[in-house]
Amino acid sequence: EDSADMRRGAAAMAALRRRIGAQGAVAAKMGNLPRNLLPLRDRIGQLSTLLFRSAPLQAAEGGNVGKSLCQVIVRGSQQGAAPSQPGAQSDAFIHMSEEEIKASLCLPTTTMPMRVSPLKVEPGLLQKLCHDHYEWQSEANASSPAFILHDGPPYANGDLHMGHLLNKVLKDIINRERMLRGFRVIYQPGWDCHGLPIELKAAQLESERARKQAAGEGTPPSPEVAVSQGERDLSSSTHGTDAERAALRVRARAAACAREAMAQQRESFLQWGVMGDWNNAYHSMLPAFESGELGILRAMLRRGFIFRGQRPVHWSPASRTALAEAELEYQDDHISTAAYIGFELCSPPSGIGSPEGGAQNTFEAAASHDSVQTVPLPERMASRIASDERVLAVIWTTTPWTIPANQAVCAGSGIEYTLARGTSSQRCFLLASARLEAFSEAISEELTPLGTVDGPTLASLGCKHPISGRR
């Protein structure tokens, strides 16, 4: 039955083609179909070929059947049924207006424009992403639990880079995910306007400005770099020393540099669509922020969290300032210039180093002893030292500028030390046995071992400072 229906359908389509094709005007107009109907006509031709593959229309009449079927579909959608007269069919199709043809097609409708102009679309889109979304969720989730994301602020010392993008995008993902979960997001962006990076940037800009002015290329500063009246008064003050006034000028230039960088970075952050309370962004130059820091400092002092003491300080000779641990950059392939320094040994008074003497008494007695005597080494070693030979405890350091403040020489309890005599001078060296060969190469002198001693034995020795001579 299906095959019979298909054959009957094929025959009907062939008859319809012959009736429509008899009208020469219709055949001529088929090439003038509206452009938006041409793909539909071709597609119908393909479908008719597949539908009636058992009929002889596939090769000889498939294309014409597609054209005929296209006419029938368009006309039928307008009139509800196929007219009985071929002339009426052709006239109905030929005289259809463009609006009627569009109405006959089942196409989706959308408000999305065919072409997008970034200059027209981005301002409104960024306003929604950065400002409207934040204000909306603050009102809609006013009674919901708060989610506060503290912004680790960037330095206001130049243009942004990929690290800033990664930082802000990840924070924005977290904030929007929490917003979708129903939290009231609190995110206040900020900037760090204090520290060495900004001072270095300000010094660089000032140097470039002075160079351009000297070359006649100087231009007046932009409004963003304008210094406030208070900072101008500070930088031009006649009070204080020259160093104090110079420091005030550095602060004024750094503040102006930070303001310009904040304006530029803010525009970039908004271009990225980062949601936040941008109208109330903070920076560390705000008086309220500085007073809050002073309040925290006072509370820490009162609770004993801050005390005065001594500790190593990393110093930058190039920047002439102290450096924090996070500001240090190490060059992995750097080879340090080392120095070997000898501390002349001196014999402590009797009783030092004995069990009842104690470590503290050893130090005090050695510090008060002024004469250089025979080194109290084991007899097998001391007997081989001439009376006019000096014995030097050798230390190795890559920071020889710390020697003036040196207070002691350390010996390892599990390390073996060797006493060796040099060949070119009347002196003996006491150093770790494992470093004997390297030390000999460093001073270009052959060494003759005289004996070994362990670390604990050296604890009872005193030594003399190589610079000040103190014990």
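Author: Let us begin with a definition: a residue counts as buried under 20% relative accessible area, as exposed over 50%, and as partly exposed in between. Arg 390, at 40% relative accessibility, therefore counts as partly exposed. Please keep in mind that this is a predicted model.

Reader: What share of the 471 residues counts as buried?

Author: Of the 471 residues of the protein, 30% are buried. The protein exposes about 30700 Å², and carbon and sulfur atoms supply 55% of that area.

Reader: How many helices and strands does the secondary structure comprise?

Author: The secondary structure comes to 17 helices and 12 strands. As for contacts between residues at least 6 apart in sequence, 75% of them join residues at least 24 apart.

Reader: In what order do the 6 strands of the open sheet lie?

Author: The order is 11-9-10-8-7-12, and the pairing is mixed. Strand 11 (447–454) and strand 12 (462–464) are the edge strands, each pairing on one side only. From one strand to the next, the twist averages 35°.

Reader: How should I read the faces of a sheet?

Author: In a regular strand the side chains alternate between the two faces of the sheet. The pairing of neighbouring strands can then be followed through individual bridges.

Reader: In which sense does strand 10 pair with strand 8, and in which sense with strand 9?

Author: Strand 8 (residues 390–397) pairs with strand 10 in the parallel sense, over 4 bridges. In that pairing, Ala 393 has Leu 430 of strand 10 as its bridge partner. Strand 9 (residues 416–422), by contrast, pairs with strand 10 in the antiparallel sense, over 5 bridges. Here Arg 421 has Cys 428 of strand 10 as its bridge partner. Strands 9 and 10 form a hairpin, with 4 residues between them.

Reader: Which parts of the chain does the salt bridge between Glu 344 and Arg 390 link?

Author: The side chains of Glu 344 and Arg 390 meet at 3.8 Å, N to O. This pair links distant parts of the chain, with Glu 344 in strand 7 and Arg 390 in strand 8, 46 residues apart. Glu 344 counts as buried, because its relative accessibility is 13%, whereas Arg 390 is partly exposed at 40%.

Salt bridges may also share partners: Asp 151, Lys 168 and Lys 171 are joined in this way into one network.

Reader: Are Lys 171 and Asp 151 buried or exposed?

Author: Lys 171 is buried, with a relative accessible area of 11%, and Asp 151 is buried as well, with 6%. The closest N and O atoms of their salt bridge are 2.5 Å apart. Lys 171 lies in helix 9 (residues 162–180) and Asp 151 in the loop between strand 1 (146–148) and helix 9, so the pair ties together parts that are 20 residues apart in sequence.

Reader: How far apart in helix 10 are Glu 206 and Arg 209?

Author: Glu 206 and Arg 209 are 3 residues apart in helix 10 (residues 196–214), and are therefore separated by about one helical turn. Their side chains form a salt bridge at 2.4 Å, N to O. Both residues count as partly exposed: Glu 206 at 24% relative accessibility, and Arg 209 at 36%.

Reader: Finally, which residues make the nonpolar surface patch?

Author: The patch, of about 650 Å², is made by Leu 294, Ile 296, Leu 297, Met 300, Leu 301, Phe 305 and Ile 306. One of these, Leu 301, lies in helix 13 (residues 287–302). Leu 301 is partly exposed, with a relative accessible area of 48%.

How values were computed
Residues are numbered from 1 along each chain as its sequence is written. This is a predicted model: local features need pLDDT of at least 70, side-chain atom pairs count only at pLDDT 80 or more; totals for chains, interfaces and linings use all residues. Side-chain values use heavy atoms; hydrogens and water are left out. Patches are made of residues with over 30% relative accessible area and no salt bridge: like charges are joined within 9 Å, nonpolar side chains (Val, Leu, Ile, Met, Phe, Trp, Tyr) within 5 Å. Accessible areas come from the Shrake-Rupley method with a 1.4 Å probe; for residues, only the protein chains shown count as cover. A salt bridge is a side-chain nitrogen of Lys or Arg within 4 Å of a carboxyl oxygen of Asp or Glu. Helices (H or I, at least four residues) and strands (E, at least two) are DSSP runs, numbered from the N terminus. Buried means under 20% relative accessible area, exposed over 50%, partly exposed in between (1.4 Å probe, protein chains only). Two strands pair if DSSP finds at least two bridges between them. Axes are lines fitted to C-alpha atoms, for helices over the stretch in contact, and angles run from 0 to 180 degrees between N-to-C directions. Contact means heavy atoms within 4.5 Å.
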